[in-house]
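The following questions and answers are for a reader meeting this structure for the first time. Please look through the sequence and the model before reading on.

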Amino acid sequence: MFAYWPSLVGGMLIGLSSATLLILNGRIAGISGIVGAMLRRWRSDTAWRAAFLVGLMLGPLVFAALVGHRPPMRIAASVPVLVLAGLLVGFGTRLGSGCTSGHGVSGLARLSPRSFAAVGTFMATAAATVFLVRHVLGGP
Amino acid sequence: MKIVAAFASGLLFGLGLAMSGMLDPARVLGFLDFAGAWDPSLAFVLGGAVVVSMAGTRVAGRMRRPALAESFDIPANRRIDVKLIGGSAMFGIGWGLAGFCPGPALAAVPLGIPTALIFVAAMLAGMWCFGIMNSGARTN
């Protein structure tokens, strides 16, 4: 039995989300961009961004209601590390114009050279960080 | 209608994240840990997402305008610059430290796990800092 069906089907749903937003609204489903633009003052496009985020947050609750249990979440990092990581993710995704969704899902699908460079970079630094934390420093 | 479409897109995204297992930082870090017990599931998530997203991009490419909006709003920038690489590198370090990227972190908010909320607060602060610095740089 292929063990990765939930990953594959879940990924396809994420791709469907990206396709839906592009075909219907002409927008890229990039989470960091959708949220980052909302942190500035109210603009005409704040409403659809908010609607997307409400849907995003309802998704896991709907999933939990359908399957009867909450999706597992195991967080090993300490609070100071989580704060540092959050700051880096927030600032970095805005400076780099995207994250795993905008550059990863949408950008790679559009064959954008910028997105290929971004994905290669963040995959490399993420893997290097995990290597350093787990195999050099002996962390979680 | 644009608001409803954005909500539906967000809901699909959140469902997909929950089904795929990507809300769980331990699994994400397992994928990024190439030197340890590597968990390939995230590759199936990204693969499934990109294939479906690519089909959407093909459909959108044949449309003169999106179904519900006046025009497509797609990044036209093709320059691979220091901001793109530096920002992506920062993002990757944060992602590797916590196992959270923006989509899963925000989708997990209603699940109410305190450490996840701390990460989200720090991430929003990081995005906000970028907004402040960026608006200061643009004086027009």
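Q: How many helices and how many strands does chain A have?
A: This is a predicted model. Along chain A, the elements run α-α-α-α-α-α from the N terminus on. The count for chain A is therefore six helices and zero strands.

Q: What box do the C-alpha atoms of chain B fill?
A: For chain A, the box along the principal axes is roughly 45 × 40 × 30 Å. For the C-alpha atoms of chain B, taken along the principal axes, the box is roughly 45 × 40 × 30 Å.

Q: What is the area buried between chain A and chain B?
A: The size of an interface is often given as the accessible area lost when the parts come together. Here 99 residues of chain A are in contact with 104 residues of chain B. Carbon and sulfur atoms give 78% of the buried area, which is about 9200 Å².

Q: Which three residues supply more than any other three of the area that chain A buries against chain B?
A: The area buried between the two chains is about 9200 Å². Of the part that chain A buries, 8% comes from the three residues M73(A), F91(A) and R114(A).

Q: How many salt bridges are there between chain A and chain B?
A: Over all chains, the structure holds seven salt bridges. One that joins the chains is formed by R74(A) and D24(B), with the closest N and O atoms 2.5 Å apart. Between chain A and chain B the count is four salt bridges.

Q: Which helix gives the most residues to the side of chain A that touches chain B?
A: There are 19 residue pairs in polar contact between the chains, both residues being at pLDDT 80 or more. On the side of chain A that touches chain B, α1 (5-25), α2 (31-38), α3 (46-67), α4 (79-95), α5 (100-109) and α6 each supply at least two residues. By class, this side has 63 nonpolar, 28 polar and eight charged residues. The most, 20 residues, come from α1(A).

Q: At what angle do the axes of helix α6 of chain A and helix α4 of chain B cross?
A: Two packed helices are described by the angle between their axes and the distance between the axes. The axes of α6 (residues 113-136) of chain A and α4 (residues 82-98) of chain B come within 7 Å and cross at roughly 35°.

Q: Is the crossing of α6(A) and α4(B) left-handed or right-handed?
A: The contact includes T121(A), F122(A) and A126(A) of α6(A), and F91(B), G92(B) and W95(B) of α4(B). By class, the contact has 14 nonpolar, six polar and one charged residues. The crossing of α6(A) and α4(B) is right-handed.

Q: How many residues apart in sequence are the parts that R27(A) and D45(A) tie together?
A: R27(A) and D45(A) form a salt bridge, their closest N and O atoms being 3.7 Å apart. R27(A) lies in the loop between α1 and α2 of chain A and D45(A) in the loop between α2 and α3, so the parts tied together are 18 residues apart.

Methods: Residues are numbered from 1 along each chain as its sequence is written. Chains are lettered from A and ligands numbered from 1 in the order in which they are written. This is a predicted model: local features need pLDDT of at least 70, side-chain atom pairs count only at pLDDT 80 or more; totals for chains, interfaces and linings use all residues. Side-chain values use heavy atoms; hydrogens and water are left out. Axes are lines fitted to C-alpha atoms, for helices over the stretch in contact, and angles run from 0 to 180 degrees between N-to-C directions. Helices (H or I, at least four residues) and strands (E, at least two) are DSSP runs, numbered from the N terminus. A crossing is left-handed if the near helix is turned anticlockwise from the far one by less than a right angle, and right-handed if clockwise. Contact means heavy atoms within 4.5 Å. Ala, Val, Leu, Ile, Met, Phe, Trp, Tyr, Cys and Pro count as nonpolar, Asp, Glu, Lys and Arg as charged, and the others, Gly among them, as polar. Buried area is the accessible area (1.4 Å probe) that two parts lose on being put together, summed over both. A salt bridge is a side-chain nitrogen of Lys or Arg within 4 Å of a carboxyl oxygen of Asp or Glu. A polar contact is a pair of N or O atoms within 3.5 Å; within protein, one must be able to donate a hydrogen and the other to accept it, and residues adjacent in sequence count only if both atoms are side-chain atoms.
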